[in-house]
Amino acid sequence: MRRTCSASRTDFARGRSQHQALDALSWALVKKKVNYVLDADIQSFFDNLDRAWVIRFIEHRVADRRILRLIQKWLKSGVLEESKWWDTETGTPQGSVISPLLANIYLHYVFDLWVDVWRRKHAQGDVMVVRYADDIVLGFQWESDADRFRQCMGERLRKFGLDLHPDKTRRIEFGRYAESNRKRRGEGKPETFDFLGFTHISGKNGKGSYAVRRTTVRKRMRKKLQEIKQQLRLRMHDPVPQTGAWLRSVVQGYFNYYAVPGNIDSLGLFRERVLRYWGHALKRRSQTRRYAWVRRLKLAAQWLSIPRALHPWPFDRFAATHPR
């Protein structure tokens with residue numbers, strides 16, 4: 001007998017945030033019967049978005065021809081990159097204010113409506129879906145459902161000019177029993193997946209119960225640190241209070257997004273690296289061989305925030321926003 005499927009979805013829309021999508025994902029991975037995760041990556045989504053289909057989808061809700069013509073002009077506006085103008089034949093210009101809205105409309109008709117029908121008609125077990133813009137993660141109770149869905153999703157996307165990335169789209173074993181099953185087969189720890197800047201890890205909490213741990217994606221952290229390092233070189237001769245105020249805003253902005261429970265160690269590493277780069281810049285400015293670590297600690301205490309969780313546990317916030 002086919003089981004009833006369930007899903008959680010947070011779209012890139014007004015009133016929806018990335019952390020709401022992350023909360024929904026964490027809640028579903030723990031509370032639902034998820035044993036396999038499909039990390040779906042649409043290849044060059046914004047570049048391959050079919051403009052003709054975009055207009056057809058919008059026409060379902062908008063009858064004003066003036067609005068439609070304006071959207072068509074937006075789609076043909078091209079991209080200005082490094083003082084060079086690039087005319088785009090397909091897709092929607094990334095960075096345009098309307099691109100996220102058009103992308104959400106496109107995936108609503110191409111993916112959201114279709115996946116709800118697929119769950120009801122074809123799934124044999126529970127299915128959960130979380131989407132934010134073109135970042136999509138699905139959880140399945142059965143491996144056969146995950147593999148069948150991946151094939152069907154690829155066929156569905158090709159009808160609308162899109163493709164799943166062959167290397168980045170993965171089906172992994174993940175969930176409450178993943179660690180014990182892989183240990184029994186003589187395999188390593190469960191694989192991880194990335195979603196909205198966080199690496200999701202199948203593990204346990206301090207009480208030994210199943211939990212999903214989240215840490216900052218290493219590539220994201222390295223990229224941000226490189227940006228800070230380059231800026232510190234440019235600001236090397238600025239007054240220390242001016243650089244300190246700038247670093248405080250940068251670090252606090254980083255913490256505002258990544259300071260979720262369980263990610264404090266990663267935030268501490270980020271803060272320590274920022275302080276090290278700042279010390280190197282000050283040492284080069286003063287042309288001394290050493291820059292006292294004690295002074296660095298004083299600068300950190302004065303200008304850099306102490307890592308602490310700024311977001312509630314995902315279950316608490318999800319329960320508050322979804323009382324049902």
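User: What makes up the largest nonpolar core here, and which residues touch the most other members?

Analyst: This is a predicted model, and its largest nonpolar core has 50 residues. Leu29, Phe193, Phe195 and Phe270 touch the most other members. Helices H1, H8, H9, H10 and H11 are among the elements giving two or more residues to this core, and so are strands S4, S7 and S9. H9 gives the most, with nine residues.

User: How do you know what Leu29 is in contact with, beyond its neighbours within four places in sequence?

Analyst: Contact means heavy atoms within 4.5 Å. With those neighbours left aside, Leu29 is in contact with Val34, Val37, Met128, Phe174, Phe193, Tyr210 and Val212.

User: Which residues does the second, separate core include?

Analyst: That second core has 38 residues, including Ala40, Leu49, Leu68 and Val115.

User: Why is Trp74 called partly exposed?

Analyst: Its relative accessible area is 32%. Buried means under 20% and exposed means over 50%, so Trp74, at 32%, falls in between and is partly exposed. Trp74 sits in helix H4, residues 65-75.

User: And what makes Leu70, Trp74 and Val97 a patch?

Analyst: Patch residues need over 30% relative accessible area, and nonpolar side chains are joined within 5 Å. Trp74, with 32%, is over that 30% cut-off. Together with Leu70 and Val97, Trp74 forms a nonpolar patch on the surface, with about 300 Å² of accessible area for the three together.

User: Why is Lys283 partly exposed?

Analyst: Lys283 has a relative accessible area of 24%. Buried would need under 20% and exposed over 50%, so Lys283, at 24%, counts as partly exposed. Lys283 is found in helix H10. The C-alpha atoms of Lys283 and Met236 are separated by 9.4 Å, with the two residues 47 apart along the chain.

User: How do you know that the buried residues of H3 line one face of the helix?

Analyst: The buried residues of H3 (residues 51-59) are Arg51, Val54, Ile55, Phe57 and Ile58. Seen down the axis of H3, they fall within an arc of 160°, so they line one face. These buried residues pack against H4 and helix H5 (99-122).

User: What about the chain as a whole: how many helices and strands, and what share of residues counts as buried?

Analyst: The chain has 12 helices and nine strands. Of its 324 residues, 46% count as buried. The accessible surface comes to about 18700 Å², with 49% of that belonging to carbon and sulfur atoms. For contacts with a separation of 6 or more, residues 24 or more positions apart account for 67%.

How values were computed. Residues numbered from 1 in each chain as written. Predicted model: local features only at pLDDT ≥ 70, side-chain atom pairs only at ≥ 80, totals over all residues. Heavy atoms only, no water. Patch = residues over 30% accessible without salt bridge, like charges linked within 9 Å, V, L, I, M, F, W, Y side chains within 5 Å. Areas by Shrake-Rupley, 256 points an atom, 1.4 Å probe, with all protein chains shown as cover. Salt bridge = Lys/Arg side-chain N within 4 Å of Asp/Glu carboxyl O. Helix = DSSP H or I, 4+ residues; strand = E, 2+ residues; numbered from the N terminus. Buried < 20%, exposed > 50% of the residue type's maximum accessible area, 1.4 Å probe, protein only. Core = buried A, V, L, I, M, F, W, Y, C linked by side-chain atoms within 4.5 Å. Arc of directions from axis to C-beta.
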